[in-house]
Amino acid sequence: MNYRLTIQYDGTEFSGWQMQEGSRTVQGELTRVLSLLEGSEIVVHGAGRTDAGVHAEGQVASVRLGRVMEPERLAAALNGNLARDLRVIEVRKAPDDFHARLHAVGKTYCYRVFNERFASPFWARYALQEGRGLDLGLMREAARLFVGRHDWTAFSAAQAEVKTRVRTLTELEISERRSERGRGRLLTIRASAEGFLRYMVRSIAGALLAAGRGELGAETLRRAIETGERPLSVVTAPAHGLTLVEVRYGEESGADM
């Protein structure tokens, strides 16, 4: 039976998604528990490889098991053997050909910024603390330049092993609210695309922060997108502010069986 798992995790204590020898990873923990339940080694496929420190509210994985278990029972068995920073929030039976990564048609990430002079203990693990003032209008002006189909060479990892760095960013919205727990201003950068390159969202977040501080103008940003040369003022934002929110699948994939 092929299963689709929806997963949440606090990435603080993980060395990312992908299995690594001698490191604690999300894929490694799921593989360990599922292999225990199956009684033999299995393979878990994730929708994407989150880096060390990155969190997930809606990561998706697929796994094929020889034994048939009802989804609720499988979810309970997994969560009974996983640590508290990793949870399977839903299990569904999936078509035989469903693959979490190959059938994904889009993803949404959020990058959160706690914009106060003090660091809130309630956001320390999940948002970047920025003590300098951020102009939301300037950030939104910069965000409009990113939306669309571009070559993201200036805003991705230099060593990314991909055939092309062209991606279509369908959404880049910045919202603000007052966090009652943190007692301060919380900014959320929400980005959606057909797919992302490594460090792409964190690089975009770094550019928007530089724009919000008045360090990066629209013309410089436009030139960076066109030439692939990153401005010195753009620093890749730290991993802990980033969360994978959602993975989307088309109807033809049968993923919502």
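This text goes through the helix packing and then the pockets of the structure above.

The model is predicted, so local features are given only at pLDDT of at least 70 and side-chain atom pairs only at pLDDT 80 or more, while totals for chains, interfaces and linings use all residues. Residues are numbered from 1 along each chain as its sequence is written, and side-chain values use heavy atoms, with hydrogens and water left out. Helices (H or I, at least four residues) and strands (E, at least two) are DSSP runs, numbered from the N terminus.

We begin with helices H1 and H2. Helix H1 covers residues 26-38 and helix H2 covers residues 71-79; their axes come within 10 Å and cross at roughly 120 degrees. An axis here is a line fitted to C-alpha atoms, for helices over the stretch in contact, and angles run from 0 to 180 degrees between N-to-C directions. H1 and H2 are therefore oblique to each other. In this scheme, angles under 35 degrees count as roughly parallel, over 145 as roughly antiparallel, 65 to 115 as roughly perpendicular, and the rest as oblique. The crossing of H1 and H2 is right-handed; a crossing has that name if the near helix is turned clockwise from the far one by less than a right angle, and is left-handed if anticlockwise. Val33, Leu34 and Leu37 of H1 are in contact with Leu74, Ala77 and Leu78 of H2, where contact means heavy atoms within 4.5 Å. By class, this contact of H1 with H2 has 6 nonpolar, no polar and no charged residues. Ala, Val, Leu, Ile, Met, Phe, Trp, Tyr, Cys and Pro count as nonpolar, Asp, Glu, Lys and Arg as charged, and the others, Gly among them, as polar.

Helix H3 has two partners to follow. With helix H4 (residues 200-212), the axis of H3 (residues 136-146) comes within 8 Å, and the two cross at roughly 140 degrees. H3 and H4 are therefore oblique to each other, and their crossing is right-handed. Among the H3 residues that meet H4 are Leu138, Met139 and Phe146. The contact of H3 with H4 has 10 nonpolar, 1 polar and no charged residues.

The other partner is helix H5 (residues 218-227), which packs against H3 at an angle of about 20 degrees, with the axes 10 Å apart. H3 and H5 are therefore roughly parallel to each other. Here Glu141, Ala142, Leu145 and Phe146 of H3 meet Ala218, Leu221, Arg222 and Ile225 of H5. This contact of H3 with H5 has 6 nonpolar, no polar and 2 charged residues.

Next come the pockets. A pocket is found on a 1 Å grid over the protein atoms alone, as an open set of points where a 1.4 Å probe fits, with protein on both sides within 12 Å along at least five of seven lines; lining residues have an atom within 4 Å of a point. Grid points are joined across faces, edges and corners, and a volume is the space filled by probe spheres set on the points.

The largest pocket has a volume of about 1300 Å³. Of its 41 lining residues, Gly48, Arg49, Arg101, Phe196 and Arg198 lie nearest its centre. Strand E5 gives the largest share of this lining, 5 residues. The lining of the largest pocket divides into 19 nonpolar, 13 polar and 9 charged residues.

The second largest pocket holds about 240 Å³ of space. It is lined by 14 residues, and Tyr9, His55, Ala56, Glu57 and Tyr126 are the closest to its centre.
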